[in-house]
Amino acid sequence: MTLWWIGNAVLLLVILPVVVYLLHGVLKAVKGIAPSVQGISSVAAAGSKDLDAAPLLLTTQDQVEQTVAGLADYGSSLDVILDDAEEGRR
Amino acid sequence: MTVLAVAAPGVVMVLAVLLIVVALVYFLVSTILELRRITGGLDDVLAAVGEIVSKSAPVNGVVTAINSQLDAGVDLLEGMLVKKAGLSDAVGLVDGMYPGAAAAGLRRFPESTEVVAPRISEVYTRGTLTLARLGREAPIAAASPGDGVLRNVEGGSLAARKLYPDVRHTTPAKLPGSPAIGAGAPVQYEQRDDVGAPRKRLPARNP
């Protein structure tokens with residue numbers, strides 16, 4: 001009988017607090033994850049929105065192509081108009 | 001009495017186990033709810049990250065293509081400059097436009113880093129230098145003294161401008177403007193009546 005009481009006391013005074021403490025720690029850690037996930041979610045959404053202008057790179061690429069093509073045309077004309085450095089020194 | 005004495009510890013134990021079970025249920029249910037919230041948040045993150053991946057997928061190729069095209073443009077310009085002006089003058093020209101750039105040299109011509117930039121880059125303004133390069137026989141090079149710079153490249157360009165005939169650069173400070181003509185001109189002149197009319201015949205001279 002005495003051992004039974006001792007067992008009950010251990011159950012109430014040791015086992016129950018330990019269980020509550022451990023579960024409380026788990027719950028606290030899990031609750032700490034949720035705001036971080038929300039923050040990551042908002043940052044990822046903002047990052048995705050920032051990349052909305054990425055397709056404009058195709059326009060930039062076209063314009064660079066046209067610019068370089070114009071540069072090549074201009075250069076070829078200059079090549080015809082101006083003497084080369086070696087020819088000029090002859 | 002004996003029954004009560006025996007049953008009391010059992011009741012206490014049942015209560016204790018019940019308390020433990022209640023605590024387990026409370027905390028585990030709370031944890032499950034939080035984990036569900038986290039799962040929902042991670043789903044949002046996954047969707048946004050998927051968007052980022054899909055949107056940024058072509059960026060690498062496009063930027064690489066743009067860089068290669070710009071490289072081709074730079075190579076073209078450098079090649080043209082060196083071909084037309086020669087490596088030494090090209091370095092001088094670049095250094096004249098961007099002081100200190102001669103140290104970096106031209107990308108396609110690694111040996112350009114060893115070229116000492118001609119002093120013209122220290123003497124002339126950009127416009128003068130461009131004119132001098134375009135007309136390779138320009139007398140401006142002959143007017144340049146052998147030592148010492150004519151002007152501080154970071155200062156005014158008066159010294160370089162003095163090398164040219166005195167038309168607009170020193171005096172007068174402002175030349176009179178060109179006259180305005182046409183219907184909107186401030187001074188209107190009446191049209192002469194005889195303009196466009198048949199020529200007057202002079203009376204015949206009597207002999």
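## Salt bridges, a helix and a ring pair

Asp79(A) comes out as partly exposed, with a relative accessibility of 29%; that label covers the range between buried (under 20% relative accessible area) and exposed (over 50%), using a 1.4 Å probe and protein chains only. A word on the ground rules: this is a predicted model, where local features need pLDDT of at least 70, side-chain atom pairs count only at pLDDT 80 or more, and totals for chains, interfaces and linings use all residues, while side-chain values rest on heavy atoms, leaving out hydrogens and water. Residues are numbered from 1 along each chain as its sequence is written, with chains lettered from A and ligands numbered from 1 in the order in which they are written.

Now back to Asp79(A). It pairs with Lys84(B) in a salt bridge whose closest N and O atoms are 2.8 Å apart; the term calls for a side-chain nitrogen of Lys or Arg within 4 Å of a carboxyl oxygen of Asp or Glu. This one runs between chains, joining helix α2 of chain B (Lys84(B)) to helix α2 of chain A (Asp79(A)). Helices here are DSSP runs of H or I with at least four residues, numbered from the N terminus.

A second bridge links Asp84(A) with Lys83(B) at 4.0 Å, N to O. Here too the chains are crossed, from the loop between α2 and α3 (85–89) of chain A, which holds Asp84(A), to helix α2 of chain B, which holds Lys83(B). Put together, Asp79(A), Asp84(A), Lys83(B) and Lys84(B) form a salt-bridge network.

Over all chains, the search turns up seven salt bridges. Another of them, Glu34(B) with Arg37(B), spans 3.5 Å from N to O. Both residues sit in helix α1 (residues 2–56) of chain B, three residues apart, or about one turn.

Here is how some of these partners sit:

| Residue | Relative accessible area | Class |
|---|---|---|
| Lys84(B) | 8% | buried |
| Asp84(A) | 16% | buried |
| Lys83(B) | 35% | partly exposed |
| Glu34(B) | 10% | buried |
| Arg37(B) | 48% | partly exposed |

The ring centres of Tyr26(B) and Phe27(B) lie 5.1 Å apart with planes at 75°, so they sit edge-to-face. Rings of Phe, Tyr and Trp (its six-membered ring) pair with centres within 6.5 Å; planes under 30 degrees apart are stacked, over 60 edge-to-face, and the rest tilted. Tyr26(B) is exposed at 52%, whereas Phe27(B) is buried at 9%.

Terms used
Helix = DSSP H or I, 4+ residues; strand = E, 2+ residues; numbered from the N terminus.
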